[in-house]
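Subject: Model handover, with notes on pockets and core

Hello,

Here is the structure for your files. My notes on its pockets, core and cavity follow below.

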Amino acid sequence: MVGSYGTSAGRVEGRFVNFAHIIVLILAFLMTGAASAQMSAAASAKPVKIVAFGDSLTAGLGLPADQAFPAKLQKALKSKGIEVDIVNAGVSGDTTSGGRDRLDWSVAEGTEAVILELGANDAMRGTDPKVTRAALADILKRLKARGIAVLLCGMLAPPNYGADYAARFDAIYPELAKEFGVPLYPFFLEGVAAETRLNQKDGIHPTAEGVDLIVKNILPTVEALLGAMAGQRS
């Protein structure tokens, strides 16, 4: 009986040890999973690195830096609990060709998204729409190759070059958005262009109030872009 009892006790003890070992393994697994989840959450909580890549409309010509489009867009997103770090890469007077030439050093490594706003100066100078299209296409191609999300901001030609020029120029943006599969904000100056009270004395560059309206109008499109990116960051 004693020997039999001892054997049974050994079996019970062995089972207990095995059971305890399994519990330890399960806890270790759960803790590892929790740590991974925390790391993933921490990664997704990092501000999204965005470059606002454009001309004077992005640079904020005539305005303090904190009143320019990139700064105000960042503030608007932050007020919604969306953490972003937006770099102002606007250069006054820049054309699409000029933007293409400075793309690599203006859009640094680690950039996750680009708000592409170029073409106003092309239109004002009457640049051949084929030239504008080729430059924008090259920019989009290169950003896509780097895995950077893009929001393409459209521009409309002024009426002084005629209806034919305007039709060819205005078609550039929706065509490229479709070709490269990027979201399009149809007209960057929507609600602001030609509105005297929303533009500076030159009648071209938005006042701080004009920038506020641009940000308000484009915000849902930017939020949609960031929402689409969220799954890829986690």
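One definition before the rest: buried means under 20% relative accessible area, exposed over 50%, and partly exposed in between, with a 1.4 Å probe and protein chains only. Helices (H or I, at least four residues) and strands (E, at least two) are DSSP runs, numbered from the N terminus.

This is a predicted model, where local features need pLDDT of at least 70, side-chain atom pairs count only at pLDDT 80 or more, and totals for chains, interfaces and linings use all residues. Residues are numbered from 1 along each chain as its sequence is written, and side-chain values use heavy atoms, with hydrogens and water left out.

**Fold**

The chain has nine helices and five strands. Their order along the sequence is α-β-α-α-β-α-β-α-α-β-α-α-β-α. Of the 234 residues, 39% are buried. Contact means heavy atoms within 4.5 Å. Among contacts between residues at least 6 apart in sequence, 78% join residues at least 24 apart. The chain exposes about 12800 Å², and carbon and sulfur atoms supply 61% of that area. Areas come from the Shrake-Rupley method with a 1.4 Å probe; for residues, only the protein chains shown count as cover.

Helix α4 spans residues 96-106, and its buried residues are T96, S97, G98, G99, R102, L103 and S106. What covers them? β1 (48-54), β2 (84-90), α5 and α6 are included in that cover. F53 contacts G99, R102, L103 and S106, among others. Its list, which leaves aside neighbours within four places in sequence, also includes A89, L116 and I139.

A nonpolar core is a set of buried Ala, Val, Leu, Ile, Met, Phe, Trp, Tyr and Cys residues joined through side-chain atoms within 4.5 Å. The largest one holds 59 residues, and F53, F69, L73, L116, F188 and I218 touch the most other members. α9 gives the most to this core, with nine residues.

**Pockets**

The search runs on a 1 Å grid over the protein atoms alone. A pocket is an open set of points with protein on both sides within 12 Å along at least five of seven lines. A cavity is a set where a 1.4 Å probe fits but cannot get out. Lining residues have an atom within 4 Å of a point. Points are joined across faces, edges and corners, and a volume is the space filled by probe spheres set on them.

The largest pocket holds about 350 Å³ of space. It has 22 lining residues, with A120, M124, M155, L189 and I204 nearest its centre. α2 (56-59) and α5 (120-125) are the elements that give two or more residues to this lining. α5 gives the most, with four. By class, the lining has 15 nonpolar, six polar and one charged residues. Here Ala, Val, Leu, Ile, Met, Phe, Trp, Tyr, Cys and Pro count as nonpolar, Asp, Glu, Lys and Arg as charged, and the others, Gly among them, as polar.

The second largest pocket has a volume of about 290 Å³. Its lining has 15 residues, and G147, I148, A149, V150 and Q232 are closest to its centre.

**Cavity**

There is one cavity of 30 Å³ or more. The largest cavity has a volume of about 40 Å³. S56, L57, G60, L61, L63, H205, P206 and V211 line it.

Regards
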